[in-house]
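The sequence and structure come first.

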Amino acid sequence: MEVIIPAVKDGILDKNYGILTEEKDTVKCGIPKKSFEIRWKGLPEGTKSIALIYIDYDNAQDEGVPWVHWTAADIPADWEGLSENQSESGECFVQGHNSWSIPYAPYDDIDETLTVGFGGPAPERCHEYELEVYALDCLTGLKEGFYINDLRKAMRGHILEKNTVLMKYIGK
């Protein structure tokens, strides 16, 4: 399975999908909400759905925990990818909570509608991110607003193939 992210050039994610965007109306409460396009091809035989996890392990150095920026599941296997900003519509697939949902300051006042779906990069320094795309032999049955642990458990024993794309976001 091949995964292509047009917004990643030379390993760097375009600034418009994070806090440095020039499209300031796509940042809500300090959370970048415009998701990037993802395309895939060459899914293994028997693929019934696609799932993804977009995570920042470098955040552990800054806040003590990896930061989950996006989880999605039950993306139809006959799709060729997700279009730019498709997280906002979220039609025909389910999305989980991102780490902006952490219930402690400075994140405890963030509206719950912003904590499900894509919550883009907003690092103080350059961070490396991982987008993991999974081809699954089933639908997960998860409901909107699931957590990353729910997704990992639902995928257990059902992963036909996984592809990880590394990218950096330069930061403030």
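Is strand 11 (residues 127-136) largely enclosed by the rest of the structure or left open? I found eight of its ten residues buried, so strand 11 is largely enclosed; buried means under 20% relative accessible area with a 1.4 Å probe, protein chains only. Strands are DSSP runs of E with at least two residues, and helices are runs of H or I with at least four, both numbered from the N terminus.

I noted that the model is predicted: local features need pLDDT of at least 70, side-chain atom pairs count only at pLDDT 80 or more, and totals for chains, interfaces and linings use all residues. Residues are numbered from 1 along each chain as its sequence is written, and side-chain values use heavy atoms, without hydrogens and water.

I then looked up the partners of strand 11. Strand 7 (residues 49-56) pairs with it antiparallel over seven bridges, and Y54 stands opposite L131. Strand 12 (residues 159-169) is antiparallel to strand 11 as well, joined to it by ten bridges; here H127 faces Y169. Pairing requires at least two DSSP bridges between two strands.

For the whole protein I recorded three helices and twelve strands. Of its 172 residues, 51% count as buried. The C-alpha trace spans about 45 × 35 × 30 Å along its principal axes.

Among contacts (heavy atoms within 4.5 Å) with a separation of 6 or more, I found that 72% involve residues 24 or more positions apart.

How values were computed. Buried < 20%, exposed > 50% of the residue type's maximum accessible area, 1.4 Å probe, protein only.
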